[in-house]
Amino acid sequence: MLVPEDVLDAPELNVCLIDTRGIDEPSVPRRDLQAYLDDPRTIVVLCSRFEDAPSAAVQLVIERAKEGGLHEAILKRGLLLVLPKDGDECGVLGELTGEPVADAEEGREIRLEQVRTTTLTDLSVRDLPVDFLNVRRSEDCMRVRELIKEKILQIRENTVGQVRVLVDTVDQLIENKEDEQLRAVFEQATRPLRTWLTNNRNMCGMIHQVDNALLEEMDGLRYAASLRASVNRRGDWHNFDYWHGLGFGARREAVARSKDQITKLKGILENELNDADLVEAHNFLRHLESQVDEAFASFVVDVQQLGESAFREELRRDHGYWEDCRGRWGGGPGYKGDIREWTKRWFKDEVREARHQFIQTEVQRRWAQMVDGLAARLGSGEEKVSV
């Protein structure tokens, strides 16, 4: 479909609007949705009807983002758009009176409070931006346009800010490279970071079987035909991608195992940024903070790619598995359950143990590589504050 005009009314911005074809099967491993969530240049607009916002599908997308290490990203780049139809807002009952509200604005205020204090709080995303859009109201359309443009410009400003911090940091280091007092401040600021990096070259816990996520996604399917379509293509279908599901399983495990370690590292940085005695090192610490975020985001995407590839060739070549799955269609109730059980059995076979161990070893190696990369940014010896 071609849109004949600039939807955002922002000719100064080079913006691409993408329709994700909806999320009727929100639990399925969709590569396109994950790519948009991972892209730091993407604003994610989650739409729900007025009466059930945020819908079950949107809740699952938010949960999936959090499990994939994108909790902060969904807060910064996400927007929940509630779509009332004419009359929906006035049908809301006042919480104290039990009577219909006086007007649409009051109905929106009550609905917004309900959304924030219940579902969004339960999802740990209470601060997710929320707005209302009735396309019949021009003021709604104008306000939402401006909101989306503001979020796009904020992404740009954040990027510009990171560059400015880096430039200021480099200039400061060059100008004061012989200043012993400044060197002492940097030494004090980097000492707890060095300790963390030394003590955390190993990621806590073990990566369990990555197929668990794929099995859960099979259970969550609304339509068995979606699974059948993937089986007929040996797992490679845009609406149910076996390999992306396996990759997300590895990613989810890595995020869960490393969560406490990353939280402690960010806590160290936050404490130091709140320490007035270290103000000369704050620009450097802000730059390092952004590097931690970038390094961890790269790590989890790397782990996802590892999980996708680890079993790909072996499973794709297993003609017996795929023929059994194809032949099960039309055999009566229980199709999803049988495919799930056969898939679970395939991954639990002892001959697959070496690949599971390979994933564990590789995840640990890539975690250590990430930590070493951050340590290198701190430098060593006379290069303690290199950038």
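Among contacts (heavy atoms within 4.5 Å) in the protein chain between residues at least 6 apart in sequence, 75% join residues at least 24 apart. This is a predicted model: local features need pLDDT of at least 70, side-chain atom pairs count only at pLDDT 80 or more, and totals for chains, interfaces and linings use all residues. Residues are numbered from 1 along each chain as its sequence is written, and side-chain values use heavy atoms, leaving out hydrogens and water.

**The whole chain**

The protein chain holds 14 helices and 3 strands. These are DSSP runs, numbered from the N terminus: helices are H or I with at least four residues, strands E with at least two. Of the 387 residues, 44% are buried, meaning under 20% relative accessible area with a 1.4 Å probe, protein chains only. Along its principal axes the C-alpha trace spans about 75 × 65 × 45 Å.

**Helix 7 and its cover**

Helix 7 (residues 211-220) has Asp211, Ala213, Leu214, Leu215, Glu217 and Met218 buried. What covers them? These helices are included:

| Covering helix | Residues |
|---|---|
| helix 2 | 56-67 |
| helix 8 | 224-232 |
| helix 9 | 242-273 |
| helix 13 | 335-348 |
| helix 14 | 353-378 |

**Helix 1 against helix 9**

The axes of helix 1 (residues 31-38) and helix 9 come within 10 Å and cross at roughly 40°. Axes are lines fitted to C-alpha atoms, for helices over the stretch in contact, and angles run from 0 to 180 degrees between N-to-C directions. Helix 1 is therefore oblique to helix 9. Angles under 35 degrees count as roughly parallel, over 145 as roughly antiparallel, 65 to 115 as roughly perpendicular and the rest as oblique. Helix 1 makes the contact with Arg31, Gln34 and Asp38; helix 9 uses Trp243, His244, Phe248 and Arg251.

Technical notes: Buried < 20%, exposed > 50% of the residue type's maximum accessible area, 1.4 Å probe, protein only.
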